[in-house]
Amino acid sequence: MAEKFAYAVLGGVALTYVIALIAGMIVAWPFGIIGLVVLAAVGALFIKVLRDRLNNAEDDYYSRNVDK
């Protein structure tokens, strides 16, 4: 339970940081467009990696069955 709470807090802090970052880039328009493009690219890569990890049955098998 404490682990889920910690992840929720970290997620909230990260979301707040990203929103503040985007707001700052909008204020710095037109120079902020570079940062927005980079942030969008990193976000797209993160989503791809997360989707690949969640849909990979082989990784799940090894996570459950291989001794550490």
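Q: What counts as a salt bridge, and how many does the structure hold?
A: A salt bridge is a side-chain nitrogen of Lys or Arg within 4 Å of a carboxyl oxygen of Asp or Glu. This is a predicted model, and it holds 1 salt bridge. The side chains of Lys 48 and Asp 52 make that contact, at 2.8 Å from N to O.

Q: Where do Lys 48 and Asp 52 lie?
A: Both sit in helix α2, 4 residues apart, which is about one turn of the helix.

Q: How do I describe the way two helices pack?
A: Two packed helices are described by the angle between their axes and the distance between the axes. Here, helix α1 covers residues 2-27 and helix α2 covers residues 32-54. They pack at an angle of about 145 degrees, with their axes 8 Å apart. The crossing of α1 and α2 is left-handed.

Q: Which residues meet where α1 and α2 pack?
A: From α1 you get Val 18, Leu 21, Ile 22, Met 25 and Ile 26; they meet Gly 32, Gly 35, Leu 36 and Leu 39 in α2.

Q: Let's zoom in on Leu 39. What is it in contact with, leaving aside neighbours within four places in sequence?
A: With those set aside, Leu 39 is in contact with Val 18, Leu 21 and Ile 22. Take Ile 22: it is 17 residues from Leu 39 in sequence and 8.5 Å away in space, C-alpha to C-alpha. Leu 39 has 24% relative accessibility, so it counts as partly exposed.

Q: Which residues form the nonpolar patch on the surface?
A: Look for Trp 29, Ile 33, Ile 34, Val 37, Val 38 and Val 42, with about 600 Å² of accessible area together. One of them, Val 38, is found in helix α2. Val 38 is partly exposed, with a relative accessible area of 48%.

Q: What kind of peptide bond joins Trp 29 and Pro 30?
A: The general idea is that most peptide bonds are trans. The bond joining Trp 29 and Pro 30 is cis, with omega about 5 degrees. Pro 30 lies in the loop between α1 and α2.

Terms used
Residues are numbered from 1 along each chain as its sequence is written. This is a predicted model: local features need pLDDT of at least 70, side-chain atom pairs count only at pLDDT 80 or more; totals for chains, interfaces and linings use all residues. Side-chain values use heavy atoms; hydrogens and water are left out. Patches are made of residues with over 30% relative accessible area and no salt bridge: like charges are joined within 9 Å, nonpolar side chains (Val, Leu, Ile, Met, Phe, Trp, Tyr) within 5 Å. Accessible areas come from the Shrake-Rupley method with a 1.4 Å probe; for residues, only the protein chains shown count as cover. Helices (H or I, at least four residues) and strands (E, at least two) are DSSP runs, numbered from the N terminus. Buried means under 20% relative accessible area, exposed over 50%, partly exposed in between (1.4 Å probe, protein chains only). Axes are lines fitted to C-alpha atoms, for helices over the stretch in contact, and angles run from 0 to 180 degrees between N-to-C directions. A crossing is left-handed if the near helix is turned anticlockwise from the far one by less than a right angle, and right-handed if clockwise. Contact means heavy atoms within 4.5 Å.
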